[in-house]
Structures are given as C-alpha cells and as structure tokens.
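Good morning, colleagues. Please take a moment with the sequence and the coordinates before I go through the details.

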Amino acid sequence: MDFEFIITSKQEAIGIVELNRPKQYNALNRKMVREIVEAFEQFERDEEVRVIVLQGRGNAFSAGADIDEMAFDDTIKLELLNQFADWDKIALMKKPIIGAVQGYVFGGGFELALSCDMLIAAEGTEFCFPEVNLGVMPGAGGTQRLTKLVGRTKALEWIWTANRITANAALQHGVINQIVQKEILIEETMKIATQISNQPPLAIRLIKESVNKAVDYSLYEGMQFERKNFYVLFSSEDQKEGMQAFVEKRKPQFKGR
Ligand code: CAA
C-alpha cells in the first residue's frame, strides 16, 4: 500500500496503520484521514488480517485536525467538502481496531482515538479537546462519543475548559483500557491484538457489533440484537470446532468461517 501520510504494515494477523507526520505531531489533514480510511478498508478485505492497530509515529498520537488546512474555510466550503463522511466510515469497520496512544491525543486526534475499540496509552499521554481555544468545538464526534463514554458532567468540563486530561484520569473514566510504560507501548498493544486475533473472528466481529448497539439501543432492543447474533454464530464452523475441541479437551483451531 502506497500512502503519503501514513505507513501500513502487517505482522501475522495484525494490520498496522501508523500516522506519519511526526514534525506536525501527526496533525490530521484531509488526505491523511482519507488514507487512514483506505488502509482500514484494505485490511477489512484482507482475509489474513483479524485485528487492526492504529498508532502515531514520533512524540504524539495526533495533535488534532490540521489547523493550517482549515483556518480559512467557510461554512459552504465545509458543507460541500463533506469531510466527516470519511470519519463516519471508521465506525463502519467490522474488525477490531486497537489504538496505541502516546504524547498528545488532542482534538481530532482524541476523536480518532475514541473511534477505536480499545485504547492502550503510554504513561504521560495527555488527552485534550482544545477546539474551544480556537473559537470552535469538536466536529468529528467528540461531543457525542466522549459524553456516551464519561457522561455529560465530565464531557462538558473537559470540552469547555480544554484542560489536559492525564492518562490516569482517562483510565479512571473508562476512556482507555490500560496504561503502560512508553518503551513497551507497541509490544503490549501487539500482545493484546494477538490475543484477540487468536479468538474466533466471527464471534469477535459480532461481539463488536452487539456491544456497539448497547450504546444506542434500549436494553430490550439490544437484547434482541444480541440474541440474533448469538444464533447466527451457531451456523459457523468455528462454533462446531470450539465446542468439539472443548469436549475433546484440545485447543480449537478457528478459521473465521
Ligand atoms: N494543525 C496543524 N499544525 C499543527 C497542529 C495542528 N493541529 N498541531 C501542531 N502543529 C504543528 C505546529 O504548527 C508546528 O509546526 P511548525 O514547526 O511548522 O511551526 C509543529 O506542529 C510543532 O508544534 P508546536 O511548535 O506548537 O509544538 P509544541 O511542542 O510547542 O506544542 C502542541 C505542541 C501543544 C500539541 C501544540 O502544537 C498545539 O496546541 N497544537 C494544536 C492542538 C489543537 O488545537 N488541536 C485541535 C485542532 S482542531 C480539531 O481537531 C477539530 C476537530 O474536531 C476535527
């Protein structure tokens, strides 16, 4: 895959996307976001890939949307560009996306991180929505995703004040899954990614879909959705293999079918 602002690679069943504008703290210009989506889509189609890892090169995950690029935009240009349609596509990915974050996770970078399914953060990582300091507000899901995650009170505090949130506070409020030493961020993220990649891919996929529904559905609707997905898995070879392996007291070999 040939990209200008990101680097992609594969390690066994894991597809890796690395933001690569380190001098600008991986500020997200529009082409970069399009490239991230394209890379995700390619990994979605790649049968060898079971988990995607997203990380940032240099001293930041990302300092947010590229301010130089949007400083002179007007309403009509933004409406016609419809740039957030690309961001919306990230939420459509069915494979697990694990973010490895460090340094600054600001603005659109925070929103990109919140679009991941799990987040592993290095010690010293800072999260922030600084948009208000620029006279605007988060525009790529920040007010919505953060509120659903941490509740209205903390979301308003964090977005209104633009205070920097420590990794510990992010962990305490359920924004991230784990804090690790910076030197072992990628190693630890790959360990978790590998563990998930060894699980039956169809179950992993339908679990993601069902858990995501819990955010938007009522409990009753969510339960019906979960049940259908539970039944669907009984059509898979992996369900037969998983249960047979248990009975035969051996390790299952999951194929994703
Ligand atoms: N957009 C464009 N360029 C950026 C950038 C951004 N978001 N963040 C950093 N850069 C660039 C700087 O302009 C600078 O470039 P030059 O060397 O060419 O001058 C380079 O990266 C290094 O930045 P600093 O010199 O500012 O480095 P620092 O260590 O003093 O500060 C920082 C680091 C605190 C992250 C600071 O750069 C900063 O505050 N960045 C802006 C953060 C921000 O406001 N993000 C929100 C963007 S709006 C948004 O994301 C909207 C949305 O919801 C989609």
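Predicted model: local features only at pLDDT ≥ 70, side-chain atom pairs only at ≥ 80, totals over all residues.

Gln-224 sits in helix 11, residues 219-233. Helices here are DSSP runs of H or I with at least four residues, strands are runs of E with at least two, and both are numbered from the N terminus.

Residues are numbered from 1 along each chain as its sequence is written, and side-chain values use heavy atoms, with hydrogens and water left out.

As to confidence, pLDDT is the predictor's own confidence in each residue, from 0 to 100. The protein chain has a mean pLDDT of 97, and 100% of its residues reach 70 or more. For the complex, the predictor gives an ipTM of 0.98 and a pTM of 0.97.

I turn to the overall architecture. The protein chain comprises 12 helices and 10 strands. Its C-alpha trace spans about 65 × 40 × 40 Å along the principal axes. How does the radius of gyration of the protein chain agree with that of a compact globule, and what are the two values? For 257 residues a compact globule would have a value near 18 Å, and the protein chain has 19 Å, which agrees; the radius is taken over C-alpha atoms, and the globule rule is 2.2 Å times the number of residues to the power 0.38.

Of the 257 residues in the protein chain, 44% are buried. Taking contact to mean heavy atoms within 4.5 Å, we find that 68% of the contacts between residues at least 6 apart in sequence join residues at least 24 apart. The accessible surface amounts to about 14,500 Å², and carbon and sulfur atoms account for 53% of that area. These areas come from the Shrake-Rupley method with a 1.4 Å probe, and for residues only the protein chains shown count as cover.

On charge, there are 31 positive and 36 negative side chains, and the centres of the two sets lie 5 Å apart. Lys and Arg count as positive and Asp and Glu as negative, whereas His and the chain ends are not counted; each charge is placed at NZ of Lys, CZ of Arg, CG of Asp or CD of Glu.

Next, backbone geometry. Most residues other than glycine have a negative phi. Glu-12, however, has a positive phi near 55°. Glu-12 belongs to the loop between strand 1 (6-11) and strand 2 (14-19), and is exposed because its relative accessible area is 74%. Ala-162 also has a positive phi, near 60°, and lies in the loop between helix 7 (152-161) and strand 9 (165-166). Is Ala-162 buried or exposed? Ala-162 is buried, because its relative accessible area is 10%.

Finally, some pairs separated in sequence. Asp-2, in the segment before strand 1, is exposed at 78%; its C-alpha lies 9.6 Å from that of Ala-39, 37 residues apart in sequence. Asp-68, in helix 2 (residues 67-70), is exposed at 69%; Asp-68 and Ala-27 are 41 residues apart in sequence, with their C-alpha atoms 9.7 Å apart. Glu-183, in the loop between strand 10 (178-180) and helix 9 (185-197), is exposed at 65%; 61 residues separate Glu-183 from Ala-122 in sequence, and 8.1 Å separates their C-alpha atoms.

Notes. Buried < 20%, exposed > 50% of the residue type's maximum accessible area, 1.4 Å probe, protein only.
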